[in-house]
Amino acid sequence: MRQNSITTIVPVKKDKIELLLKLLDGIKTDLDLGNPPEFEKLNVIHYARWVVIDYGKSWIDDLTPRIPKLVFVVDFDGDVDVFLKSFCSDTSDILDKVYGFCEGFPEGEKRTPESRFSFLKNNVVKDAAVYIGAPGRTVQQIKDENNLRNFIRNYLDSRDWKDVSAHTIHKKIKEEVLKKEEFLFLRKKTKMPGINWLGLVFLGLVLIVLLPLIIVWLLIVHFFYERKDVNFTKKRSGLDSAYLDELEKYEDWKNQNQFTQLVDMKEGKVRLITIKAMFALSKGLIKFVFVQGKLMGIPTIHFAKWVMFEDNSRVLFFSNFDGSWQQYLGDFIDNSGWGLTGIFSNTKVFPKTNFLLTGGAYDEEHFLAWSRNSELITNVWYSAYPDLSIKNVNNNTKIRVQLMKSLSERKAAKFLKLI
């Protein structure tokens with residue numbers, strides 16, 4: 001099953017913004033109390049969020065008048081049109097309540113599954129790049145495999161396995177599991193995604209061929225653009241403490257966290273070409289290499305994406321990850337600071353960068369302050385499996401795959417270490 005992600009951005013009616021914020025706050029409160037939104041019954045949504053932008057804090061230019069907009073991001077299983085049609089017919093109550101405050105949403109008797117579908121489809125913004133930490137795993141598969149792992153753990157804990165070989169234990173587990181009707185999904189074969197070495201070699205050859213052009217381009221960017229940039233020089237102590245408190249109070253409630261960021265692009269075609277080239281490289285690496293739960297060695301990201309909108313003048317970044325915000329950004333700096341710098345140095349007021357890929361994110365103090373300063377409050381955030389890390393998700397699939405094989409004593413011992 002292929003996973004997909006879509007983003008919609010719609011203007012909010014001028015006199016309805018406060019009512020919309022109040023509604024979203026109520027949805028968030030229900031989520032905090034353990035009452036999931038209506039769309040959970042679809043059982044295909046991994047993550048979803050609503051974010052109001054261009055209202056309240058505008059860190060780049062507080063004097064720039066903008067129309068408030070509602071951003072909706074959803075990561076789901078299956079075809080886009082099939083999902084949207086189901087979403088618009090089976091979860092119409094929450095859609096009508098939320099988008100009733102937005103420009104262009106059908107009113108009264110005009111609200112039908114077809115008109116809701118057209119509204120959302122017409123407001124979809126193309127993704128610049130999308131990363132998925134557990135490609136091919138549906139929401140139901142993730143839940144089923146977690147239940148399987150928990151059952152096996154409880155089964156092992158309920159007996160004394162002293163002097164029993166790992167091979168025999170593996171066989172007993174398999175026999176016990178296949179007795180249960182809830183584990184009939186094991187009859188369907190699956191496998192862990194693997195690196196596409198052919199695609200990686202092709203990508204490497206393309207980079208080698210383009211290397212002279214890349215070197216010239218880096219020199220042009222540095223000497224004609226970076227040296228004239230206005231850089232971000234604030235430290236955390238220089239940020240709006242009240243806004244930081246507002247951001248931080250929504251973090252670390254669960255094992256997972258979310259991050260939403262909005263930045264403006266620097267002017268000019270050179271910057272636009274550069275960031276699009278970085279996104280193209282990212283998409284290639286994501287497709288061919290980063291398919292086993294790690295993005296540049298970072299094993300904590302479930303879904304992440306970049307979106308360019310308003311004629312490529314602005315960039316939104318969304319992430320769903322495990323652990324704390326500080327650890328998440330620290331991992332990015334340690335493992336892929338060059339990638340972050342290569343992308344975000346093309347946006348306004350970024351920490352000082354040299355030759356596109358150095359400085360920037362590696363200036364940790366200023367980069368972390370910049371990240372906080374460009375972060376937005378996420379009004380509503382939903383996770384289908386908030387207690388599972390991406391390591392759990394991938395480990396559970398490994399357990400499923402290994403359980404259905406005939407294993408030697410050595411491999412059976414390795415299997416038991418997964419549980």
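This report looks at aromatic rings, charges over rings and cysteines in a predicted model.

## Aromatic pairs

Start with the rings: the count of aromatic pairs comes to 30. Take Phe183 and Phe185 as a worked case. Their ring centres sit 6.2 Å apart, and that passes because the cut-off for a pair is 6.5 Å. The planes meet at 75°, and since anything over 60 degrees goes down as edge-to-face, that's the label this pair gets. As for accessibility, Phe183 and Phe185 are both buried.

There's also a cluster to look at. One aromatic cluster is formed by Phe259, Phe279, Trp306, Phe317, Phe321, Trp325, Tyr328, Phe332, Phe344, Phe350, Phe367 and Trp370.

## Charges over rings

Trp325, one of the cluster members, has a charged neighbour too: Arg372 lies over its face, at 3.8 Å from the ring centre. Elsewhere in the list of ring contacts, Lys85 lies over the face of Phe117, with 5.6 Å to the ring centre.

## Cysteines

If you're setting up bonds, here's the disulfide tally: searching the whole structure turns up zero. Cys88 is in no disulfide, and the nearest cysteine sulfur to it belongs to Cys102, 13 Å away.

Conventions:
Residues numbered from 1 in each chain as written. Predicted model: local features only at pLDDT ≥ 70, side-chain atom pairs only at ≥ 80, totals over all residues. Heavy atoms only, no water. Phe/Tyr/Trp six-rings, centres within 6.5 Å; stacked < 30°, edge-to-face > 60°. Buried < 20%, exposed > 50% of the residue type's maximum accessible area, 1.4 Å probe, protein only. Lys NZ or Arg CZ within 6 Å of the ring centre and 35° of its normal. Disulfide = S-S within 2.5 Å.
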